[in-house]
Amino acid sequence: MTHSALRLEPTDHQTFIITGRGKEGNLLHKAEQAREAERQGDFERACNERFRAFQEIYAILPDEESIELDRSHANTRAAMEIIRDSAIDNFFAGDAELAAAQAELLLDCDSEDWLDTTPILALCYVALGDADCLEETMMDIDDKSPLKALLEAWLSFDRNGSIDDTAIGHLQRHRAFIAELNAEAHPTDETYLQDVISDRPSPQAAARELWLRCEPIFAAQPDFAQALKAAVCR
């Protein structure tokens with residue numbers, strides 16, 4: 001019988017940590033391996049490594065109760081990041097249902113959403129066409145963000161077949177994102193990559209990152225994409 005190299009252990013603060021045994025239990029190493037595969041351009045290997053690690057983490061989490069993971073513990077934080085990044089992988093791979101399940105699982109273990117998983121979950125609900133779940137999530141999205149304005153536009157389009165003036169007004173406050181919507185190309189060159197991973201990304205880099213995250217939705221829902229572009233080009 002094969003035993004997991006990972007173990008879930010309680011702390012004195014009503015939280016849990018994920019400890020590991022040997023190389024197989026070192027989640028920081030596994031996360032770094034996936035990132036190195038990305039740097040080499042091998043995105044398939046990176047996604048596969050993260051998903052295998054996710055499956056190992058999922059296997060030790062309780063089925064019927066929520067627990068709070070301690071993000072200050074290095075191996076545990078790596079586990080949380082692996083779950084989040086695997087959700088993003090699956091979202092881009094077109095499996096929004098699995099991605100949403102992963103994001104929901106992480107939020108159950110990270111009630112304060114320190115890893116900023118809610119925006120990912122919201123985009124999953126858009127991809128799934130789940131307006132009810134999206135509406136429940138909206139209160140946890142930053143009111144000043146272009147993502148919030150974009151989600152309002154999608155809800156309006158989903159309800160009415162068009163984007164209402166209120167949603168359009170909110171979108172028009174975000175000039176960098178509007179410029180990205182209207183751009184003919186969205187390059188992910190070295191200048192963009194260095195900008196977006198910096199401590200203070202420019203509005204232009206943040207807008208491009210949001211557009212890239214929304215690209216699968218725009219491709220799958222061309223009517224919404226067309227209505228969105230028409231609305232901000234008025």
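Arg 45 is partly exposed, at 31% relative accessibility; here buried means under 20% relative accessible area, exposed over 50%, and partly exposed in between, with a 1.4 Å probe and protein chains only. Glu 49 counts as buried, at 15%. The two side chains meet in a salt bridge, with 3.2 Å from N to O. A salt bridge is defined as a side-chain nitrogen of Lys or Arg within 4 Å of a carboxyl oxygen of Asp or Glu. Arg 45 and Glu 49 both belong to helix H2 and lie 4 residues apart, about one turn of the helix. Helices (H or I, at least four residues) and strands (E, at least two) are DSSP runs, numbered from the N terminus.

The model is predicted: local features need pLDDT of at least 70, side-chain atom pairs count only at pLDDT 80 or more, and totals for chains, interfaces and linings use all residues. Residues are numbered from 1 along each chain as its sequence is written, and side-chain values use heavy atoms, with hydrogens and water left out.

Side chains of opposite charge can pair when their charged atoms come close. The whole structure holds 15 salt bridges. One of them joins Lys 30 to Glu 56, with the closest N and O atoms 2.6 Å apart. This pair links distant parts of the chain: Lys 30 sits in helix H1 and Glu 56 in helix H2, 26 residues apart. Lys 30 is buried, with a relative accessible area of 12%. Glu 56 is partly exposed, at 29%. A further salt bridge pairs Arg 84 with Asp 85, where the closest N and O atoms are 3.0 Å apart. Glu 32, Arg 35, Glu 36 and Arg 39 form one network, joined by salt bridges that share partners.

Nonpolar packing was examined next. A nonpolar core is a set of buried Ala, Val, Leu, Ile, Met, Phe, Trp, Tyr and Cys residues joined through side-chain atoms within 4.5 Å. The largest such core has 45 residues. Leu 134, Leu 151, Ile 163, Phe 177, Phe 224 and Leu 228 touch the most other members. Phe 177 is in contact (heavy atoms within 4.5 Å) with Pro 146, Leu 150, Leu 171, Ala 207, Leu 210 and Trp 211, leaving aside residues up to four places away in sequence. Another core, of 20 residues, lies apart from the largest one. Its members include Ile 18, Leu 27, Leu 106 and Leu 115.

Pockets were located on a 1 Å grid over the protein atoms alone. A pocket is an open set of points where a 1.4 Å probe fits, with protein on both sides within 12 Å along at least five of seven lines; lining residues have an atom within 4 Å of a point. Grid points are joined across faces, edges and corners, and a volume is the space filled by probe spheres set on the points. The largest pocket has a volume of about 1,700 Å³. Its lining comprises 36 residues, of which Ile 88, Tyr 192, Val 196, Glu 209 and Arg 213 are the closest to its centre. Elements that give two or more residues to this lining include helix H1 (27–39), helix H7 (146–160), helix H10 (190–196) and helix H11 (203–220). H3 provides the largest share, 6 residues. By class, the lining has 19 nonpolar, 3 polar and 14 charged residues. Ala, Val, Leu, Ile, Met, Phe, Trp, Tyr, Cys and Pro count as nonpolar, Asp, Glu, Lys and Arg as charged, and the others, Gly among them, as polar.

The second largest pocket has a volume of about 250 Å³. It is lined by 15 residues, with Tyr 58, Pro 62, Asp 63, Leu 105 and Asp 108 nearest its centre. H2 and helix H4 (96–109) each supply at least two lining residues. H4 gives the most, with 6 residues. The classes here are 9 nonpolar, 2 polar and 4 charged residues.

Most residues other than glycine have a negative phi. Phi of Gln 14 is positive, near 60°. Gln 14 lies in the loop between strand S1 (6–10) and S2 and is exposed, at 76% relative accessibility. Asp 116 also has a positive phi, of about 55°, and sits in the loop between H4 and H5. Arg 21 is found in the loop between strand S2 (16–20) and H1. Arg 21 is exposed, with a relative accessible area of 52%. Its C-alpha atom is separated by 8.7 Å from that of Ser 4, 17 residues apart along the chain.
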